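User: Hi! Could you walk me through this one?
Analyst: Happy to, here it is.
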Amino acid sequence: MDGVIWRRGGLLDAPLAARLAEAAFEPEYREAWTAGQIAGLLGTSDSWLELAETAGDAASASGIAFALCRLAADEVELLLCATSPDWRRKGVGAELIGRVAEHCRLRGARRLFLEVRASNASALALYLKAGFREDGRRPGYYRTISGDRIDAITLSREP
């Protein structure tokens, strides 16, 4: 993918991931994590961050996408991922999922799972195309700022 640099992120990248999440998620759904929440998870040995950035020097590079993951036993949970609105529908999300799956295999995971808001049609389409299958639903799991309740769909696949 031209113009994209992929790398493993760390604690110092938590603010970048938080900015990406804030730009990618609609505030109504309260899905974006703060830099502190992301850093707190990255402070554990079983969590990691996959990052995509634009090519260029440090001053001109900018974030494109990220995935925040956590390994537990032989499973990996994809806790949060986002793609900058300017980079959607260009294959970045599919590449990101592929990179997460590869890292899962390297860590010995036998299952990759996540949950997604039932009303997030774009994310659902991406995950299903990437080989995820629906495992179940959590009725009314998410609550919007306005108080509406939305189901969570749980999905999984082999890495």
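User: Great. What does R117 touch through polar contacts?
Analyst: The side chain of R117 makes a polar contact of 2.8 Å with that of E31, and another of 2.8 Å with the side chain of S119. A polar contact is a pair of N or O atoms within 3.5 Å; within protein, one must be able to donate a hydrogen and the other to accept it, and residues adjacent in sequence count only if both atoms are side-chain atoms. Bear in mind that this is a predicted model, where local features need pLDDT of at least 70, side-chain atom pairs count only at pLDDT 80 or more, and totals for chains, interfaces and linings use all residues. Numbering runs from 1 along each chain as its sequence is written, and side-chain values use heavy atoms, without hydrogens and water.
User: Is R117 buried or exposed?
Analyst: R117 is buried, at a relative accessible area of 7%; buried means under 20%, exposed over 50% and partly exposed in between, with a 1.4 Å probe and protein chains only.
User: And which strand holds R117?
Analyst: R117 sits in β5, residues 111–117. Strands (E, at least two residues) are DSSP runs, numbered from the N terminus.
User: New topic: what order do the strands take in the sheet?
Analyst: The open sheet of 7 strands runs β1-β2-β3-β4-β5-β7-β6 with mixed pairing, where two strands pair if DSSP finds at least two bridges between them. β1 (4–9) and β6 (133–143) stand at the edges with a single partner strand each, so one side of each lacks a neighbour in the sheet.
User: How does β6 pair with β7?
Analyst: They pair in the antiparallel sense over 7 bridges. For E134, the bridge partner in β7 is L155.

Note on methods
Helices (H or I, at least four residues) and strands (E, at least two) are DSSP runs, numbered from the N terminus.
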